[in-house]
Amino acid sequence: MASVTVRGCVLCVVSLLNFAFVFISGADLVRFLSFRAIYHNITGETKICQDSVPWSVALQDRSVLSSLLMDVVLLALFTAQHSLLAWSPVKHTLRSVLGVLARAAYCFTTALALQVLIRYWQPVTGAPCLWAVRHAPWSIWFPLLCFLLHFICWAIICSIIIIFDYPELMGIKQVYYDCLGLGEPPPHQSPGAQRLLTHLRHPVFLELCVVLWFLPALSLDRLLLAGTLTAYLALAHSLDTQDLKYLCSQLKTKILTLQQHSDTSDFSHHKEK
């Protein structure tokens, strides 16, 4: 009994530490994709472009090419990790070796790959921007609009993560059920939702695209980052008509539920009067 208790405590500590690391990595990702790209660049704290340098000269600059090469290597590392550990044979191997910690290991390695990408990313400052909003009044209002849209997109992303049962996504629920001797946790989603998730690997595609592309200034390294991640996200989708029918039925159900709640609240309000 003592050994089981010790094992359960160790599993809980590992899963909670992993959750903290993933959470911190997520916050770092928000700062990397949005805060640094909007706030620092607009205030002039970070120099992102050399508009006076012609493209013919910039693309022959060794510092530009070395930065781009480093960024390509970092993107290849992240996409390889994300794809390899999502491959079914590797997932089964991890599950057989790590047991209930398999999902936590996937989240940990993904967060670690993100940390490497963020820490070693090389901004390309020796080339012109592909676009830059610098003339008044748009130089003030457009960054504010970008900030608002980024904030809304990140809020939607967090909401979707919560809706899709984040304890299971982070590997916490698997450890919890194992410590209680309940085996594998039952799937939180319906069969239709599970099928949708297999075809829609990243249900936040639109929001991430807005975060990646909607910026006051687009540097060469940001173009590489946004283009690579957009292509990677797009290739992971394989929706069909059955998925579309499921989404439509869920939308109708949500609308009916909201209408019922509204009618109930109106009835209660009139009854109190």
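## Contacts in a predicted model

The structure holds 1 salt bridge. The model is predicted. In the bridge, the side chains of Asp-28 and Arg-119 meet at 3.2 Å, N to O. Asp-28 sits in helix H1 and Arg-119 in helix H5. The two residues are 91 apart, so this pair links distant parts of the chain. Asp-28 has 13% relative accessibility and therefore counts as buried, the cut-off being under 20%.

Next come the aromatic rings. A search of the whole structure finds 4 aromatic pairs. One of them joins Phe-32 and Trp-121. Their ring planes stand at 75 degrees, so the pair is edge-to-face; that class needs an angle over 60. The ring centres lie 6.1 Å apart. This pair, too, links distant parts of the chain. Phe-32 belongs to helix H1 (residues 2–43). Trp-121 lies in the loop between helix H5 (102–120) and strand E1 (131–132). Both Phe-32 and Trp-121 are buried.

The two side-chain pairs are set out below.

| Pair | Kind | Distance | Separation in the chain |
|---|---|---|---|
| Asp-28 and Arg-119 | salt bridge | 3.2 Å, N to O | 91 residues |
| Phe-32 and Trp-121 | edge-to-face | 6.1 Å, ring centres | 89 residues |

Now the helix packing. The axes of helix H10 (residues 205–213) and helix H11 (residues 220–235) come within 9 Å. They cross at roughly 170 degrees, so H10 and H11 are roughly antiparallel to each other. On the H10 side, the contact includes Phe-205, Leu-208 and Trp-213.

Definitions and conventions:
Residues numbered from 1 in each chain as written. Predicted model: local features only at pLDDT ≥ 70, side-chain atom pairs only at ≥ 80, totals over all residues. Heavy atoms only, no water. Phe/Tyr/Trp six-rings, centres within 6.5 Å; stacked < 30°, edge-to-face > 60°. Helix = DSSP H or I, 4+ residues; strand = E, 2+ residues; numbered from the N terminus. Buried < 20%, exposed > 50% of the residue type's maximum accessible area, 1.4 Å probe, protein only. Axes fitted to C-alpha atoms, helices over the stretch in contact; angles between N-to-C directions. Parallel < 35°, antiparallel > 145°, perpendicular 65-115°, else oblique. Contact = heavy atoms within 4.5 Å. Salt bridge = Lys/Arg side-chain N within 4 Å of Asp/Glu carboxyl O.
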